[in-house]
Amino acid sequence: MTCALIEKLIRLANGDSIPAGALKGELFECMISDGILVVITRGCRKSYRASDEQSLRNYVATHYDIRDLEAYFALLKKDNVSRAEQVRITGNSKVKQQRSFRGFLVNCYEPISVILAGRQMELLPEDGTFTFIYDFDRFSISEDIVIIGVENPENFRYIRKQKRLFDSYLPKNTKLLFVSRYPQEQSRDLMEWLLSVSNRYIHFGDLDLAGVHIYLSEYYCHLGERASFLIPQDYETRILSGNRERYENQYSKFGKMEIADIRIVPLVDCIHRLHRGYDQEGFIMEEDAENSECVADNLL
């Protein structure tokens, strides 16, 4: 049942006549055969109208479970309609295919005050858990919170083990909200939300050509200068210890891409010069290593 077809049924149910050429298909053939539609001839032109308007509505309700043509038409035209609403109108939760799970994952390692559906709440998932924001169109945060988009799931899981990286990259006491690019099918919801807020966005991904492409094609192209790519101070050392095969595999697809954000040109030049790429999972520090570095810092 398409919007165009339902619209024709509504016109017929309201007493209009429709040219025969516009009533193609099995549904209208059956209605003509069953006497629900009657022919009107004007010279060589032929059209059809309902023999009885209520009989047409009863026929559609009996044969196609459409009990309210106007409500059904409004449902088809609606962009976002819940399965519960579909059941109420049609008795069928799958008239319009909708994603049951919309939204995105968020995480943080320090408490953040957020507003969800008009209520203020403190966000701080327990280590090993995340918060899924389903009602994202009613989710808001303070403008001073920096949003960090994490490309890979393992880095999103272990943000606490990367705290030193973010502390060295951003001013002290900066509040951070981490959002996950994974799963990718939710990324359009994430982008819709990012476009609705004015917060600074930092993309945290692999230091390779594919990671740069993801940033440019999925985030920078929409957010512009409000978005930036996380480039650590020691990026050259990390890339030097990275993977050569990764670079060679990615070069044919991304080697000649246009770098729209000139701020990442030094990073891309380094990747090309060293012919290597560095996976962001390398930023995850084991607790023992992190504690050792803290002890060393204190001794110094």
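Which side chains meet in a salt bridge with 2.8 Å from N to O? Arg 181 and Glu 218 do. A salt bridge here is a side-chain nitrogen of Lys or Arg within 4 Å of a carboxyl oxygen of Asp or Glu.

This is a predicted model, in which local features need pLDDT of at least 70 and side-chain atom pairs count only at pLDDT 80 or more, while totals for chains, interfaces and linings use all residues. Residues are numbered from 1 along each chain as its sequence is written, and side-chain values use heavy atoms, leaving out hydrogens and water.

Under the salt-bridge rule, the count is 13.

| Pair | N to O distance |
|---|---|
| Arg 181 and Glu 218 | 2.8 Å |
| Glu 236 and Arg 273 | 3.2 Å |
| Arg 246 and Asp 279 | 2.4 Å |

Let's see where they sit. Helices (H or I, at least four residues) and strands (E, at least two) are DSSP runs, numbered from the N terminus. Arg 181 lies in the loop between strand E10 and helix H8, and Glu 218 is in helix H9, 37 residues apart. Arg 181 is buried at 11% relative accessibility, where buried means under 20% relative accessible area, exposed over 50% and partly exposed in between (1.4 Å probe, protein chains only). Glu 218 is partly exposed at 25%.

Glu 236 pairs with Arg 273. Glu 236 belongs to helix H10 and Arg 273 to helix H12, so this pair ties together parts 37 residues apart in sequence.

Finally, Asp 127, Arg 157 and Arg 160 are linked in a network of salt bridges.
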